[in-house]
Amino acid sequence: MPALPVGEAVPDDGSLPGWLADVPPAAPGLGLYLHVPFCRVRCGYCDFTTYTAAELGGGADQAGYATTASLEIALAARTLSSVGRARSLSTVFVGGGTPTMLPTSDLARMLATARDELGLDPDAEVTTEANPDSVDEAALERLAEAGFTRVSFGMQSAVRHVLATLDRTHDPDRVPQVVAWARRAGLAVSLDLIYGTPGETVEDWRRSVEAALETGVDHLSAYALVVEDGTRMAGQVRRGLLPAPDPDDQATKYELVDELASAAGLAWYEVSNWARPGAACRHNEAYWRGSDWWGVGPGAHSHVGTPQASVRWWNVKHPRPYAERLARHRTPAAGRELLDAASVALERTLLGVRVAEGLAVQSLAPGGRTAVAGLVADGLVDGAAAVRGRVVLTRRGRLLADAVVRALTA
Amino acid sequence: MSPIPNAAQVATIAPAATPPHLLRNFCIIAHIDHGKSTLADRMLQLTGVVDERTMRAQYLDRMEIERERGITIKSQAVRMPWAVAEPGGGSQAYALNMIDTPGHVDFTYEVSRSLAACEGAVLLVDAAQGIEAQTLANLYLAMEQDLAIIPVLNKIDLPAAQPDRYAEEIAGLVGGDPEDVLRVSGKTGAGVAELLDRIVAEVPAPVGDADAAARAMIFDSVYDTYRGVVTYVRVVDGHLSPRERILMMSTRATHELLEIGVISPEAIPTQGLGVGEVGYLITGVKDVRHSKVGDTVTNQSKPAPQALAEYHDPKPMVYSGLYPIDGSDYPVLRDALDKLKLNDAALAYEPETSVALGFGFRVGFLGLLHLEIVRERLEREFDLDLISTAPNVVYTVTMEDRTVHQVTNPSEFPGGKISEVREPVVRATVLAPSEYIGAIMELCQSRRGELLGMDYLSPERVEMRYTLPLAEIVFDFFDQLKSRTKGYASLDYEPAGDQASDLVKVDVLLQGEQVDAFSAIVHKDKAYSYGVAMAGKLKELIPRQQFEVPIQAAVGSRVIARETVRAMRKDVLAKCYGGDITRKRKLLEKQKEGKKRMKTIGRVDVPQEAFIAALSTDSGKDDKAKK
């Protein structure tokens, strides 16, 4: 699991700095992220905050989780309104873990709490993640009825040996089935894929992307496998049981998914995300645009900002202290950081450059502006967009986005 | 009767008042580890100069590095009283001056000056190992100066000692009977008293003109934090007294003689030094360059018409660039070199800048050991982390328009039309068991060596003489020699002029930009292998960049080797872990910090570690542990 950042302490009641009340937010909209920290099995590559039933003792079990999370949603409403930032939600995203480990009624109850405490825009985007083998047609219908508009399935691959290496238990043949059920229920559907798994060939990857696109989804996410320290897979790589992912191979696969998705009518709108026009994930976009969002759940991160300064905070990781703190009406936040103008500007570049609409050249510091010409010459930044005053990454530039950011912020 | 003189006897050998016929000046010629310092300790004890209680093992080797490496860098002189039974009964006291000599080939000039201060030499050989090449070289020097040689086998207490075998070898070298070779043990003290008796009997007394103008030869000078420069001299003619003004004949500089005395074993001021005596002078100067080894000291008011020998400055043979790893340490390095210079007349340096390594110094050394010692002292005594560039020799480049360049750094190698390049050569002597003749010949041939001759010292041991370019020796020759002979071969060399050679400069280019630190001057036939090796090494060391980086090795405009660091294709973190943007921003800040520590050559970011790894020789690293 990723270590939490080191930050300053958060007041016991979780209150936010008063200066937030005087300045308008950096971007419109308010998002809610709801983390569900449970999985049936723990996958070898995963370092997200999640636990299996066997890993959890009493007091932090799945049965009580919706109630505990609802306490934090109420806290969010109180805290945000004290600095004038309580607005109705434009997006809700339930992630994990495996949200569908909870009964659909629990997911519906948490959404209802959010609607009661903060309000929900009429056109709000409400997504939940799901595993292909943890939902059926009825469950999907109930989610739609409860107000969910979108579901994102963790498909990862269409190839059995790749799924096995990833410890994924679902039958790849089930994916077209669950996608069809979800669409029939009126839900927008996205598929998540992982590329660069040890043992995956370029042909394996092509099969996976083609299988995903054949389901007719209008949104696709593809993430390069990262072997994180402390995961079971990292141990297997260290002991030579699995080869480490090869960045060149991952680059080839990225180029392939970008080609196939584009050909199928899904354009990239963020480095790792493709969608048909109008089908981009608005919750996801909010992260890159620096909007306000509140993250509910163990290990969840939140952000409330202004164009000049902002606050980021993060919750304790384990479900038990998380539940205990909320039961005592204390904030579950473990720490926070206050970002000054320079850090806010750095983040704006870091995040903004990753989206297809790009970044205004004018928003860069003089050194960064000077670097744009060289990046265009190197084929990393789109020349025509640069002439129009936007920094937009080329396909090669997307693969080297971190290097581009270093150049733009040097 | 005790060989330690009594009070009445001591009076007859008082410093400044000892008649020359009661003086004996000698040195010990020995290889590293053959037990010279232990034997010297035993002599100091036997003559009562140092008692058991104050005895510090290896009293004469003062500096920490000398003690650790078991070698003597700076020589000193100790005066010891010793009484010998007279044929008619009674005994006669003598004053023995033991002059310690540096044992290494890099310090040949200092050795020759130390020998010039003596009338005799103890040839000390390990009874388990036999004579080594460096000892042989110093023995030749001593014999050339007509010193009386007393051959001695040491460590006869060792189980592995083969005194009979090596006595024969030594007798063959110095002439005489194997029975004349004395057998001692510095460790147990066996035979040491007999050795002192032999010194009195066989080393000639010094001869000089007591009434002539004073002439004393400087054979060493050392910087002392409290006293300034302490100069060690051997008086040849006349007399030196306290408070008089002295004249250094090579520089014509004059100084007041603040203190004069003998070492026994601590400094003891005296009323002066007379003919044949050995002692020290203090004039208050702060830089050893004012007291040059080999120079003649005379009296300013009554100067000698002629110096004892022609003085020549020690000439650096090997150059290397020294750079602080942390650029902000440059002033510390400069101060450290200034301080070392006070005690090391042979150290020469000037500021140098390298595109790759920043600010540093080009430093001249007498040889590789000298380089290593200086580098180690800088790191240890001044807490510096240094990169040293590959050592190189001094080339004389004559252009077609007859202009001449002295090149101490490959980056100064001139472009344009060159008519001749000359490089220094050495005469090298290798002593080794005869079974390694083939391996040694192969090595020397691959290093452009020319066999001058070969002699068997015994049926098992052979002496091989070669002419070799110094440049071929300064890199890893000694390491190679040791590894090909299982450590049995020993090496000595002395400068032997220079020769015209077919030499070229190989440049290394990163994306078309020349990197000065990697340039080298090599023989034409080796340019290709150097180029291929360096390009291959850099390919492994330079991290992938956003663009392809060609690495080329070139002679002039002709590319002789080429490698490519492929462009990095992926440098992006795909995911934000549950909105953990803090983590992502901190990662970026860390990456930017890392970039600051890189050197940029053209557009290529090269980590400092790559330079260090590319410039260090792998074999050299291994060997350090072995030595």
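Trp268(A) stands opposite Trp274(A) in strand E8(A). This is a predicted model, in which local features need pLDDT of at least 70 and side-chain atom pairs count only at pLDDT 80 or more, while totals for chains, interfaces and linings use all residues. Residues are numbered from 1 along each chain as its sequence is written, and chains are lettered from A and ligands numbered from 1 in the order in which they are written.

**Strand pairs**

Strands (E, at least two residues) and helices (H or I, at least four residues) are DSSP runs, numbered from the N terminus. Two strands pair if DSSP finds at least two bridges between them.

| Strands | Sense | Bridges |
|---|---|---|
| E7 (residues 267–270) and E8 (residues 273–275) of chain A | antiparallel | three bridges |
| E5 (residues 188–195) and E6 of chain A | parallel | six bridges |
| E15 (residues 318–324) and E17 of chain B | antiparallel | five bridges |
| E16 (residues 348–354) and E17 of chain B | antiparallel | seven bridges |

E7(A) and E8(A) form a hairpin, with two residues between them.

In chain B, E17(B) pairs with E15(B) and with E16(B). Gly364(B) in E17(B) is the bridge partner of Tyr319(B), and Val363(B) in E17(B) stands opposite Tyr349(B).

**The chains as a whole**

Chain A has 15 helices and 14 strands, and 49% of its 410 residues count as buried. Chain B has 16 helices and 31 strands; of its 627 residues, 47% are buried. Two residues are in contact if their C-beta atoms, placed from the backbone, lie within 7 Å. Of the contacts in chain A with a separation of 6 or more, 74% are between residues 24 or more positions apart. In chain B, that share is 70%.

The chains also touch each other: 24 residues of chain B are in contact with 36 residues of chain A. On the chain B side there are eight nonpolar, five polar and eleven charged residues. Ala, Val, Leu, Ile, Met, Phe, Trp, Tyr, Cys and Pro count as nonpolar, Asp, Glu, Lys and Arg as charged, and the others, Gly among them, as polar.

**Helix H6(B)**

The twelve residues of helix H6(B) (residues 163–174) should span 16 Å at 1.5 Å a residue, and the end C-alpha atoms are 16 Å apart, which agrees. The expected span is 1.5 Å times one less than the number of residues. Tyr166(B), Ala167(B), Glu169(B), Ile170(B) and Leu173(B) are the buried residues of H6(B). They cover an arc of only 160 degrees around the axis, which puts them on the same side of H6(B). The arc is taken from the directions from the helix axis to the C-beta atoms. An α-helix has 3.6 residues a turn, so residues three or four places apart point the same way.

These buried residues pack against several elements of chain B, including strand E4 (120–126) and helix H5 (133–144). After H6(B) comes Gly175(B), with a positive phi near 85 degrees.

**The nonpolar cores**

A nonpolar core is a set of buried Ala, Val, Leu, Ile, Met, Phe, Trp, Tyr and Cys residues joined through C-beta atoms within 7 Å. The largest has 176 residues, and the members touching the most others are Ile29(B), Ala121(B), Leu123(B), Val152(B) and Val430(B). Strand E21(B) (residues 418–433) gives the most to this core, with seven residues. Apart from this core lies another of 105 residues, among them Leu30(A), Ala222(A), Val353(A) and Val572(B). Beyond its neighbours within four places in sequence, Leu123(B) has contacts that include Ile29(B), Val152(B) and Ile170(B).

**One buried residue**

Ile218(B) is in strand E7(B) (residues 215–224). Ile218(B) counts as buried because 23 C-beta neighbours lie inside 10 Å. Leaving out residues up to four places away in sequence, Ile218(B) touches, among others, Thr231(B), Val233(B) and Val293(B). Gly279(B) is 61 residues from Ile218(B) in sequence, and their C-alpha atoms are 9.9 Å apart in space.

Conventions. Buried ≥ 20, exposed ≤ 12 C-beta atoms within 10 Å, placed from the backbone.
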